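Please open the model in a viewer and keep the selection panel at hand. The tour begins at the ligand and then moves to the nonpolar cores.

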Amino acid sequence: MSFDQELRPRQPRKLIITGGAGFIGSNFVHHWCQQYPGDRVVVLDALTYAGNRKNLEDLEGRANFRFVAGDICDRALIDRLLKEEGIDTIAHFAAESHVDRSILGPGEFVRTNVVGTFTLLEAFRHHWIENGRPNDYRFHHVSTDEVYGSLEPDDPAFSETTSYAPNSPYSASKAGSDHLVRAYHHTYGLPTLITNCSNNYGPYHFPEKLIPLMGINILLGKPLPVYGDGQNIRDWLYVGDHCSALDVVLHKGTAGETYNIGGNNEVKNIDLVHKLCELMNELAPDLPVRPAQNLITFVKDRPGHDRRYAIDATKIRTELGWSPSVTVDQGLQRTVEWFLSHQDWWQPLLSKEYQEYYRKVYA
Ligand code: NAD
Ligand code: DAU
């Protein structure tokens, strides 16, 4: 940051945060409202199975906060919100986010992730032009490391220049949306930002994902379904670290650039599940099955299962001064404690629809 920028007082921003009722989105909304209480925050979320207004209930009624239940494919709604709120920033989290669901039904992934992102870009481009193309407007697209495909154990980690090679319908739809965002900067000069990050975990994580699924199954005494040989590797990023990285990119990132965000925590799935079992043995008083490791069950592999993801976060560290602060052991402990003290949050999510989904994936 230059001397001049440091001295200039920060101007309040007016943001639409799409997908703000989901896992990462709601963590980000809390982060932003706490850090920048003078900013206007409008959450736009369709409240799909993954969206939950409870995630934001402590913010309801706050002067600078507004929740709008709506679809990112609804152009008229977005046009209206941009205008009536005088929006200068879109932080775009809304997506279909789960790989196993994209294998069962890819159509919704193309609609929300590709068509929805396109709809937001078009609306924001017109709004930006109508307001004289201000260069401090931002369209921040939150994306994933899965667009880069799969690594072998000794391959170098993904950098911002790694070629795209998405393998699942989910990652292909995110890759498509990344390309659209990139093209809107290149063609129209729209001030965009793209971040590609690794596997998040922490509070408000929907039960279908590995860490909450295993944690909840341990509490219920249900089998812990490890796909394939359990040797797949993910780089785990505590969601609070992700939010601070997004904050840094939104404030200091260069328009048109992409930044990779990683946790510096590569772990094999089976080792992660063992860590989780050990923590639960220690922290949960009344486990139906103890030790929890006895519940580990190897099940058939996910079709097209990517072997390894790893992020080279040199760019965001050297250019913007961000690096993760939470180790996987610290993050897992915080997460387990949160799930143990928020049973009233996750129990209603194990609905009839969720059980049907579960039967299909683990049949
Ligand atoms: P999530 O599934 O928990 O939440 C998605 C949110 O988007 C939900 O609140 C849902 O209601 C909303 N939504 C879905 N379709 C919508 C539509 N058509 N219109 C408006 N809202 C809609 O997802 P998440 O895990 O919080 O992921 C957020 C973003 O981060 C996604 O873009 C995802 O691709 C990306 N990402 C996630 C991870 C991860 O580990 N979870 C890692 C890298 C990138
Ligand atoms: O890398 C970033 C991505 O991380 C995000 O873009 C996605 O939105 C997010 O869902 C996540 O994708 P993954 O497929 O890596 O996450 P998931 O929690 O589904 O699985 C993590 C690993 O655990 C993966 O190798 C599959 C494995 N797994 C998962 C489940 C749900 C199992 O072995 N058993 C399971 O039951």
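Which polar backbone atom lies 3.0 Å from a nitrogen atom of ligand 1? Select I72: the backbone atom in question belongs to this residue. The model is predicted, with local features requiring pLDDT of at least 70 and side-chain atom pairs pLDDT 80 or more, while totals for chains, interfaces and linings use all residues. Residues are numbered from 1 along each chain, chains are lettered from A and ligands numbered from 1 in the order written, and side-chain values use heavy atoms, without hydrogens and water.

Next, select G22, where a backbone N or O atom lies 3.0 Å from an oxygen atom of ligand 1. At S97, a polar side-chain atom lies 2.7 Å from an oxygen atom of the ligand. The protein covers 96% of the 840 Å² of accessible area that ligand 1 has on its own (Shrake-Rupley method, 1.4 Å probe).

Now display the shell around ligand 1 (residues with a heavy atom within 4 Å). Of its 29 residues, I24, D45, S97, Y170 and K174 come nearest. Strand 5 (138-144) gives the most, with three residues. Helix 6 (169-188) is among the other elements that supply at least two (helices are DSSP runs of H or I, at least four residues; strands of E, at least two).

Finally, select F28, V29, V41 and I316, which have the most contacts inside the largest nonpolar core, of 76 residues. Such a core joins buried Ala, Val, Leu, Ile, Met, Phe, Trp, Tyr and Cys residues through side-chain atoms within 4.5 Å, buried being under 20% relative accessible area (1.4 Å probe, protein chains only). Apart from it lies another core, of 23 residues, including F124 and W128.

How values were computed. A polar contact is a pair of N or O atoms within 3.5 Å; within protein, one must be able to donate a hydrogen and the other to accept it, and residues adjacent in sequence count only if both atoms are side-chain atoms. Buried means under 20% relative accessible area, exposed over 50%, partly exposed in between (1.4 Å probe, protein chains only).
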